Amino acid sequence: MQYYSLNNPQQKVGFAEAVIQGIAPDKGLYFPETIPTLSSNFWDTLDQYSNTEIAYTLLAPFVGDAIPEKDLKAILEDTLSFDFPVVAITENIASLELFHGPTMAFKDVGARFMARCLGYFNQNNPNKVTVLVATSGDTGGAVANGFLGTEGVDVVILYPSGKVSDIQEKQLTTLGQNISALEVDGVFDDCQDMVKQAFLDKEITDSMQLTSANSINVARWLPQLLYYVFAYKTQKDKAEEIIFSVPSGNYGNICAAMVAQKLGMPVQHFIAANNANNVVARYLKSEKYEPKTTIPTISNAMDVGNPSNFVRIQELYHNNFTKIQEVLSSYSYDDAATRKAMDTLIEQYDYIADPHGAIGFLAAQEHQQKHPKAQYIFLETAHPIKFLDVLSEEVSATIAMPAQIASLLDREKVAKKIASYEELKRYLLGK
Ligand SMILES: *Cc1c(COP(=O)(O)O)cnc(C)c1O
């Protein structure tokens, strides 16, 4: 499989190079040259396959001959070694819980898959690869955990000071070994801009092999399509139409859902659930794509003013606005509405959601008013324990501390504060 740069379709590389580079030399995101359609028989008989078999069938075309079958199967088996349960909330709305991995964030799957692929490609390479990543919350922890101890790979994480939860901060600043954290005086978009600038800085790229681990990287982005297929497998008999509601920030996750649709998954519509950072909701109304500065919210992993993967959605549907409107709806909610939804979920449905999942639930409910017959699945993208500052004390007290989190709490934070690109550059060149 070849990947082309969205800035220039002539600029093509294989899977291994796309993963190692992260972003094309011309700053374009990589995009698969073809997306095969699997037979309807495969989709009808999904129940017969294990998660690893499904994952292999769906992802092997994207990996091509870059990783042999046996190794790819082992990577997938290891990457997917936890559950992806779908929990009924109301009669026609269910929660797809994506927080059962080691950092309790849905990003675990993408980060683990990418780490294992990169480790595979780099096993006989004497030169280290440095993964440089900006996080608005959960990416950092998932990447840090996924790459911890991977030989030949160093990880440098940038996060906005004071804008991630305490547990999130612990997850990315306490691991040590090949993982370092930089605490940036700014918002997520500042972190992301610094990372982008480093990739374009010849002085840096001449002296080290940099790669990204944001959903820009195809190995982070593509395996996310599996969640939808695993959930579809369990829910497909509930209604003729299945609709996913996806709490969206950089739009990597929902764009992966759309790739699953191209692969033939019989789902026709997706909902992008937004907090106040709602550039896509506004675009769907006006056809104008107008990014704004990031607004900080309690669902901080979605505090993204200019989502990097939206260009991939446009590419998938050939920039056809009517088509995009057919496939995608978007709703946005402020913090007050989010808190209210979290309360409703507890009081009426005995379900503790995190702020991101709660927004997914709200969007599913709103869409349901127009399309009442469908079965809705919202993605619960993080464990609520990671948002204790948003939950009331009574509610927090009822959540059992998961072992993955408990082991972090006493560990000491190690992070270097930076405030400008120059400081990042000096840090990287000094490594
Ligand atoms: C990253 C993240 C999101 C947003 O996912 P995108 O792929 O960036 O749209 C939503 N919720 C949580 C908890 C996240 O960590």
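User: How far is a backbone N or O atom of Asn250 from an oxygen atom of the ligand?

Analyst: Keep in mind that this is a predicted model. A polar contact needs a pair of N or O atoms within 3.5 Å. For Asn250, the backbone N or O atom lies from a ligand oxygen atom at a distance of 2.7 Å.

User: Which residue has a polar backbone atom 2.9 Å from an oxygen atom of the ligand?

Analyst: Among the residues that come nearest to the ligand are Lys107, Gly249 and Thr381. The 2.9 Å value goes with Tyr251.

User: How many charged residues does the shell around the ligand have?

Analyst: There are 15 residues around the ligand. By class, six are nonpolar and seven are polar, and the charged ones number two.

User: Are the rings of Phe31 and Trp221 stacked, edge-to-face or tilted?

Analyst: The whole structure has 21 aromatic pairs. Phe31 and Trp221 have ring centres 6.2 Å apart. Stacked needs planes under 30 degrees apart and edge-to-face over 60. Their planes are at 35 degrees, so the pair is tilted.

Terms used:
Residues are numbered from 1 along each chain as its sequence is written. This is a predicted model: local features need pLDDT of at least 70, side-chain atom pairs count only at pLDDT 80 or more; totals for chains, interfaces and linings use all residues. Side-chain values use heavy atoms; hydrogens and water are left out. A residue is near a molecule or strand if one of its heavy atoms lies within 4 Å of it. A polar contact is a pair of N or O atoms within 3.5 Å; within protein, one must be able to donate a hydrogen and the other to accept it, and residues adjacent in sequence count only if both atoms are side-chain atoms. Ala, Val, Leu, Ile, Met, Phe, Trp, Tyr, Cys and Pro count as nonpolar, Asp, Glu, Lys and Arg as charged, and the others, Gly among them, as polar. Rings of Phe, Tyr and Trp (its six-membered ring) pair if their centres lie within 6.5 Å; planes under 30 degrees apart count as stacked, over 60 as edge-to-face and the rest as tilted.
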